[in-house]
Amino acid sequence: NTILVTNISESGTLTASTTVPATKQTQYTLTMSGGTGSIDLTALPGLNVNETIDGTGLKVQLLKFKVPTSNANKVTVAKGGSNGYGLASDGTTWTWTGSPGQSQMFYLADLSPDVASGARIIDVTGTGTQTLEVAIVLG
């Protein structure tokens, strides 16, 4: 059997001048400690070793998580319990849990809240020192 999905295909290019702007990005591997970690949108590792990205005043436009196949267990990402970052414009609570090998991408279309001191943390939970691959585009 073949299943063909054609009506939900998306593609595009984001730049600083597109309607959904993209001015900063990062891709990195987060390593948990004691089964927990956090993504602070005001202090992200940059693409270069000495770079730190501060997303304050920007919106998350694209967010991707991938649970490496080398992990033994699932990983959960969610709006932080303190200073949490919601993905919808009203900052609604959200959660995604992925098994090893699974990934999830969120295209937020310029509708997410601005990163600020009270809206900046994404919580990550798993087991031990598991890892999570993270990609974030801000603008």
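Tutor: Happy to! Keep in mind that this is a predicted model. Let's start with L87, which counts as buried because its relative accessibility is 10%, and buried means under 20%.

Student: Okay, where is L87 found?

Tutor: L87 sits in the loop between β6 and β7.

Student: And what does L87 touch, leaving out residues up to four places away in sequence?

Tutor: Its contacts include L63, W94, F106 and L108, along with T92, L111, S112 and P113. There is also Q61: L87 and Q61 are 26 residues apart in sequence, and their C-alpha atoms are 9.4 Å apart in space.

Student: You mentioned β6. Which strands does β6 pair with?

Tutor: One partner is strand β7, residues 95-98, and the pairing is antiparallel over four bridges. Another is strand β9, residues 121-125, again antiparallel over four bridges.

Student: How many residues of β6 are buried?

Tutor: Four of the five residues in β6, which spans 75-79, are buried, so the strand is mostly covered.

Student: New topic! In what order do the strands of the open sheet come?

Tutor: The order is β1-β10-β5-β8, four strands with antiparallel pairing. At the edges are β1 (24-31) and β8 (103-107), each of which pairs on one side only. From one strand to the next, the twist averages 10°.

Student: What holds strands like that side by side?

Tutor: Strands of a sheet pair through backbone hydrogen bonds, and the pairing can be parallel or antiparallel. Here, β5 (residues 60-66) and β8 pair over five bridges. To find the spot, look for K66, which stands opposite S103 in β8.

Student: What about the largest nonpolar core? Which residues touch the most other members?

Tutor: Those are I39, V60, L63, F65 and I136, in a core of 28 residues. The elements giving two or more residues to this core are β1, β5, β6, β9 and β10. The largest share comes from β10, with four residues.

Student: What does V60 touch, again leaving out residues up to four places away?

Tutor: Among its contacts are L41, Y85, L108 and V115, and also I136, V137 and L138.

Student: Last topic: how many aromatic pairs does the structure hold?

Tutor: Four. Take F65 and W96: their ring centres are 6.5 Å apart and their planes meet at 15°, so the pair is stacked. F65 lies in strand β5 and W96 in strand β7, so the pair ties together parts that are 31 residues apart in sequence.

Student: Are F65 and W96 buried or exposed?

Tutor: Both are buried. For F65, the relative accessible area is 0%.

Student: And how do the rings of F65 and F106 sit?

Tutor: Their centres are 6.4 Å apart with planes at 70°, so the pair is edge-to-face. F65 in strand β5 and F106 in strand β8 are 41 residues apart, and the pair links these distant parts of the chain.

Student: Why does F106 count as buried?

Tutor: F106 counts as buried because its relative accessibility is 18%, and the cut-off is under 20%.

Student: Which residues do the ring pairs link into a cluster?

Tutor: The cluster is F65, W94, W96 and F106.

Methods: Residues are numbered from 1 along each chain as its sequence is written. This is a predicted model: local features need pLDDT of at least 70, side-chain atom pairs count only at pLDDT 80 or more; totals for chains, interfaces and linings use all residues. Side-chain values use heavy atoms; hydrogens and water are left out. Buried means under 20% relative accessible area, exposed over 50%, partly exposed in between (1.4 Å probe, protein chains only). Two strands pair if DSSP finds at least two bridges between them. Contact means heavy atoms within 4.5 Å. Axes are lines fitted to C-alpha atoms, for helices over the stretch in contact, and angles run from 0 to 180 degrees between N-to-C directions. A nonpolar core is a set of buried Ala, Val, Leu, Ile, Met, Phe, Trp, Tyr and Cys residues joined through side-chain atoms within 4.5 Å. Rings of Phe, Tyr and Trp (its six-membered ring) pair if their centres lie within 6.5 Å; planes under 30 degrees apart count as stacked, over 60 as edge-to-face and the rest as tilted.
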